[in-house]
Amino acid sequence: MNKIFKTFAIVLVFMNSQYFIAQQVVKDQRTQEIELQKAENEAKKISIENHRKLDEKISDLQKQLKEIEKQKKEVENKKKSLVKSENNLKSTKEKISKLEIANQKIENKINTTSVTGEEIQKQRIKTKENEVNIQKLKLVQITQQKELEKVMSTL
């Protein structure tokens, strides 16, 4: 009986130790699960925060892109305006040159050919008209040069 009692006591102690070991394992598993859950929650928070920061950066970059596109359009418009001003100025200079050449031809015609007084008067009137037109075009040319300088200063 003593042996049975000792065997029973040993079995009881062994079972108790197994029970405590099993409880410890369960407790360790719960602790690991809790820690895992905490880590997952922390990872979710970090992920959400990173997504928010990325969304803000994307929004900022889109705003910057719009601003750059706006500036690009402004530069293109200024370039077009510059080309237009240069073309206008060139056209005016060509008109002035043509009128001056026409006046020289008329003067040469008056000086080299013998024409009637009436014809000379008509030719002189025509040269005076051309001179008036040249002066008008020179005023236009000055205005166009100022516009060109203005456009160039904005670039």
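Residues are numbered from 1 along each chain as its sequence is written. Because the model is predicted, local features need pLDDT of at least 70, side-chain atom pairs count only at pLDDT 80 or more, and totals for chains, interfaces and linings use all residues, while side-chain values use heavy atoms, without hydrogens or water.

Salt bridges come up now. The structure holds 3 of them, each a side-chain nitrogen of Lys or Arg within 4 Å of a carboxyl oxygen of Asp or Glu.

Arg-52 pairs with Glu-49, the closest N and O atoms being 2.2 Å apart, and with Glu-56 at 2.4 Å, N to O. Glu-49 and Arg-52 are 3 residues apart in helix 1, residues 2–112; helices here are DSSP runs of H or I, at least four residues, numbered from the N terminus. Glu-56 and Arg-52 are 4 residues apart, so about one helical turn separates them. Shared partners join Glu-49, Arg-52 and Glu-56 into one network. Arg-52 has 38% relative accessibility, so it counts as partly exposed, meaning between buried (under 20%) and exposed (over 50%), with a 1.4 Å probe and protein chains only.

The remaining bridge joins Glu-107 and Arg-124 at 3.9 Å, N to O. This pair links distant parts of the chain, Glu-107 in helix 1 and Arg-124 in helix 2, 17 residues apart.

On to helix 2, residues 117–154. Its 38 residues should span 56 Å, and the end C-alpha atoms are 55 Å apart, which agrees; the expected span is 1.5 Å times one less than the number of residues. Its buried residues include Gln-123, Ile-134, Leu-137 and Val-151.

Notes. Helices (H or I, at least four residues) and strands (E, at least two) are DSSP runs, numbered from the N terminus.
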